Structure formats: C-alpha cells, structure tokens
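Me: I am new to this structure. Please show me how to read it, one feature at a time.
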Amino acid sequence: MSNNQAPNRARVIPLRPPAERPGIAATVSPTAPAPVPRPAQREPLWRDLVGDVLRRERQAQERTLKDVADSARISMPYLSEVERGRKEASSEVLAAAAQALGLSLGDLLARAQGELVRLSNRHSARHSARGRTATSSYDGLCLAA
C-alpha cells in the first residue's frame with residue numbers, strides 16, 4: 001500500500017447494542033446506528049424445556065454430567081449441549097438420558113410439557129394484558145416429527 005492511499009475503513013454495525021454486550025460500557029457515538037428494539041419475549045423451545053428438566057433431575061440426584069452420560073452411553077459434551085438446549089436430541093438419546101436418571105421417556109416429556117404449560121400460560125397472560133387475547137390453551141402433549 002502506498003502512502004498516498006487512504007486506509008480502507010469499514011463501518012461495523014454490532015449485532016447487539018453496546019449495553020447488552022458483556023464487558024462493554026454503553027457509549028453514544030454519532031455514527032452508531034439507533035438502538036434496535038428488543039424482540040418480544042418468545043415462547044419457550046421444546047429443547048430448552050427438556051434440557052432444563054434433565055439438568056434439574058441430574059442435580060437433584062447430585063450426579064455429575066459424566067456419571068449420567070456414561071450410564072446413558074452418551075458423550076458427556078453432547079449431554080451437556082442437550083441440557084443447555086443447544087441440541088435437539090433424538091427420542092433414543094432422550095430415552096437413554098431419562099433411563100439413566102431413573103425416569104421413563106414419558107416422565108421426562110410429561111415434566112417438560114408441564115413446564116411448557118406453565119410458561120405458555122405466563123406468556124399468554126402477558127399478551128392478554130396488552131390487549132391481545134389468548135387463542136389457544138395447552139392441555140395435552142403433541143409431538144410432531
């Protein structure tokens with residue numbers, strides 16, 4: 001690059017406003033884009049609910065991730081991803097993890113369904129309070145592949 005060329009400066013637009021990024025103080029820059037409104041609270045994902053149930057049950061039994069993963073014959077990193085809702089586990093993996101915790105697959109799914117009902121009712125109540133009406137209720141378990 002010769003000395004008479006101006007440097008190529010790219011304008012970086014952050015995905016999250018600075019106040020939401022860990023370790024970065026909020027600053028106002030004249031060139032920064034206007035803050036983007038946060039999206040409305042989303043309904044919970046099934047994989048998050050199932051993972052939460054698995055983790056709570058494992059911790060209630062005071063068992064380690066390695067212990068449960070070995071018992072279920074699942075890799076420890078994969079079970080960790082499932083517990084954190086990062087992976088959508090197959091029914092075989094869920095059944096193995098449930099069995100390793102002394103649960104049936106039905107027990108695991110029923111507990112996750114209970115959480116879904118509880119969280120969905122709270123989500124629906126929030127929308128109803130804003131002038132919207134809830135149009136559905138969850139009174140059963142339905143899985144589709």
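Reply: Start with two terms. Buried means under 20% relative accessible area, exposed means over 50%, and partly exposed lies in between (1.4 Å probe, protein chains only). Helices (H or I, at least four residues) and strands (E, at least two) are DSSP runs, numbered from the N terminus. Now some ground rules. This is a predicted model, where local features need pLDDT of at least 70, side-chain atom pairs count only at pLDDT 80 or more, and totals for chains, interfaces and linings use all residues. Residues are numbered from 1 along each chain as its sequence is written, and side-chain values use heavy atoms, with hydrogens and water left out.

Me: Which residues of H2 are buried?
Reply: Leu65, Val68, Ala69 and Ala72. They lie on the same side of H2, because they cover an arc of only 100° around the axis. The arc is that of the directions from the helix axis to the C-beta atoms.

Me: Why would positions spaced like that share a side?
Reply: An α-helix has 3.6 residues a turn, so residues three or four places apart point the same way.

Me: What covers the buried residues of H2?
Reply: Look for contacts, meaning heavy atoms within 4.5 Å. The cover includes H1, H3 and H4. Just after H2 comes Arg73, with a positive phi of about 60°.

Me: How many helices and strands does the protein chain have?
Reply: Five helices and zero strands. Along the sequence, the pattern reads α-α-α-α-α. Of the 145 residues in the protein chain, 27% are buried.

Me: Which residues of helix H3 are buried?
Reply: H3 spans residues 76-83, and its buried residues are Leu79, Ser80, Val82 and Glu83. They line one face of the helix, because seen down the axis of H3 they fall within an arc of 160°. Their cover includes helix H1 (46-60), helix H2 (65-72) and helix H4 (91-100).

Me: What should I look for at the start of H3?
Reply: Look for a polar contact. That is a pair of N or O atoms within 3.5 Å; within protein, one must be able to donate a hydrogen and the other to accept it, and residues adjacent in sequence count only if both atoms are side-chain atoms. Here, a side-chain oxygen of Ser75 comes to within 3.2 Å of the backbone nitrogen of Tyr78. After H3 comes Gly85, whose phi is positive, near 75°.

Me: How do I read a nonpolar core?
Reply: In soluble globular proteins, nonpolar side chains tend to be buried together. A nonpolar core is a set of buried Ala, Val, Leu, Ile, Met, Phe, Trp, Tyr and Cys residues joined through side-chain atoms within 4.5 Å. The largest one here has 25 residues. Those with the most contacts inside it are Trp46, Val50, Leu54, Leu79, Leu94 and Leu108. The elements giving two or more residues to this core are H1, H2, H3, H4 and helix H5 (105-129).

Me: And charged side chains?
Reply: Side chains of opposite charge can pair when their charged atoms come close. A salt bridge is a side-chain nitrogen of Lys or Arg within 4 Å of a carboxyl oxygen of Asp or Glu. The whole structure has eight.

Me: What does Arg58 pair with?
Reply: Glu83, with the closest N and O atoms 2.7 Å apart. This pair links distant parts of the chain: Arg58 is in helix H1, Glu83 is in helix H3, and they are 25 residues apart. Arg58 counts as buried, at 9% relative accessibility. Glu83 also counts as buried, at 2%. Arg55, Arg58 and Glu83 are linked in a network of salt bridges.

Me: What else is Arg58 in contact with?
Reply: Leave aside its neighbours within four places in sequence. Then Arg58 is in contact with residues including Arg63, Thr64, Leu65, Val68 and Leu101.

Me: Which residue does Asp70 pair with?
Reply: Lys66, with the closest N and O atoms 2.9 Å apart. Asp70 is partly exposed, at 47% relative accessibility, and Lys66 is partly exposed at 47%.

Me: Buried or partly exposed: how do Arg84 and Glu81 count?
Reply: Arg84 is partly exposed, at 36% relative accessibility. Glu81 is partly exposed too, with a relative accessible area of 23%. Their side chains meet in a salt bridge (2.3 Å, N to O).
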